[in-house]
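The entries follow in the order I made them.

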Amino acid sequence: MDDDVTAHLRATVQTLDNFLSQYEPLREMHWRVPPGSSLAGDDARTDPYQVSHSAQHAIQAAVDHLHCLRSSLTQYEDTERMTLLLHSYGSSTLLRGALENSARAVWLLAPTSRYERIRRRLALQNDDNRNHHNLRQLAADANTLRPTATGAALPEPRSEQDLYQDLVDRLLAAGGPHNDPRELKKALRFPGYAEVVREAGRHLPGRIRNSAGASVDTSSYLEWVRRACSALAHGDLKGSLAQLNREVQAIDGDLTSLRLTGSPGELHTRTELTWRAVSTATALYAQRSQPPH
């Protein structure tokens, strides 16, 4: 491993170590939501689908992905020797998970309008309900539904329509569009992660230098990084050839054998960007948790 690769990997490890050490104090706060804070008001209107719980879950999932990324970059041979590891595909899978979860928390907490925060939380729940229903149906088809710890059958879940009506009622109570089923359906539609990440990117501060050294706008770069990580996570051929370092191993007629390796500079840049997204999410959570003066 040459000096440049080693330097980038060490910088990535240091970035992760710095962030994870900064995150510990927030975790020790037990995610308190003081009475009178914006989040307390949001939670009261969305119970049992609390805005704060959803944001906590997203942030913790993002940080867990970053913990896993940090662990994957080093291998300790003994107490004094450490080996740095560069993965071609796995790191992008972990960064994508961290990026999407942190962006979801930012998207949920960023609006200054309480109604919009509530609407987004209920839209998330609507999407979660639909996904869980589909997963449960697949599990039933595969005969993999597990009984409870006592061996009893699982309780019959509420119907999709019942769950949807519950969300509609809560949205209407928060000031949602009355007497217009189409507008209600639109209001409760989760826009998907492409839109969530683009929206979250507008709340990230400043600019960042990409691996080529160019200064780029953080908001526009965020969705590009998500898509780039997705391409590597899925092992897309064109995405791999476009992003990974290529070394020709052999040429046999029309067949070229390539050695593809990860880009340590790009890994460092994307890790820094993801760190900014998680930091923005935690800062918004702290802001929404402030009690009135």
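**Entry: α3 and α4**

I started with the handedness of this pair: α3 passes α4 in a left-handed crossing. The model is a predicted one, and I keep that in mind throughout. I then looked up the geometry of α3 and α4. Their axes lie 8 Å apart, and the packing angle is about 160 degrees. An angle over 145 counts as roughly antiparallel, so α3 is roughly antiparallel to α4. I sorted the residues of this contact by class. I noted 15 nonpolar, eight polar and one charged for α3 with α4.

**Entry: α4 and α8**

Next I followed α4 to helix α8, which covers residues 193-201. The axes of α4 and α8 come within 8 Å and cross at roughly 65 degrees. The range for roughly perpendicular is 65 to 115, and α4 and α8 are therefore roughly perpendicular to each other. The crossing of α4 and α8 is left-handed. Which residues make the contact? From α4 I listed E100, A103, R104, V106 and W107. From α8 I listed Y193, V196, V197, E199 and A200. By class, the contact of α4 with α8 has seven nonpolar and three charged residues, and no polar ones.

**Entry: α2 and α5**

I moved on to helix α2 (residues 38-46) and helix α5 (residues 114-141). Their axes come within 10 Å, with a crossing of roughly 50 degrees. That angle makes α2 and α5 oblique to each other. I checked the hand as well: α2 passes α5 in a right-handed crossing. On the α2 side, the contact is made by S38, G41, D42, R45 and T46. On the α5 side, I found R114, R117, I118 and R121. The class count for α2 with α5 is one nonpolar, three polar and five charged.

I looked at the peptide bond that joins D47 and P48. It is cis, with omega about 10 degrees. Most peptide bonds are trans. Where is P48 found? It is in the loop between α2 and α3.

**Entry: the largest pocket**

The largest pocket holds about 270 Å³. I wrote down its lining: S54, H57, A58, R104, R121, L124, Q125, D127, D128, N131, F190 and Y193. Three of these names were already in my notes. R104 of α4 and Y193 of α8 are in the contact between those helices, and R121 of α5 is in the contact with α2. Which helix gives the most to this lining? It is α5, with six residues. Both α3, residues 51-72, and α5 supply at least two residues each. By class, I got four nonpolar, four polar and four charged for the lining of the largest pocket.

**Entry: the second largest pocket**

The second largest pocket has a volume of about 180 Å³. I listed N126, N129, R130, E160, L163, Y164, K185, L188 and R189 as its lining. Two elements give two or more residues to this lining, α5 and α6 (160-173). The lining of the second largest pocket divides into three nonpolar, two polar and four charged residues.

**Entry: the cavity**

I asked how many cavities of 30 Å³ or more the structure holds. I found one. About 150 Å³ of space lies in the largest cavity. The lining of the largest cavity has 15 residues. I noted the ones nearest its centre: S88, S92, L232, S263 and L267. α4 (90-109) and α11 (264-288) each supply at least two residues of this lining. By class, the lining of the largest cavity has six nonpolar, seven polar and two charged residues.

**Entry: looking back at α4**

Last, I gathered what I had on α4.

Terms used:
Residues numbered from 1 in each chain as written. Predicted model: local features only at pLDDT ≥ 70, side-chain atom pairs only at ≥ 80, totals over all residues. Heavy atoms only, no water. Axes fitted to C-alpha atoms, helices over the stretch in contact; angles between N-to-C directions. Helix = DSSP H or I, 4+ residues; strand = E, 2+ residues; numbered from the N terminus. Parallel < 35°, antiparallel > 145°, perpendicular 65-115°, else oblique. Left-handed = near helix turned anticlockwise from the far one by under 90°. Contact = heavy atoms within 4.5 Å. Nonpolar A, V, L, I, M, F, W, Y, C, P; charged D, E, K, R; others polar. 1 Å grid on protein atoms, 1.4 Å probe; cavity = no way out; pocket = protein on both sides within 12 Å on 5 of 7 lines; lining within 4 Å. Points joined across faces, edges and corners; volume = space filled by probe spheres on them.
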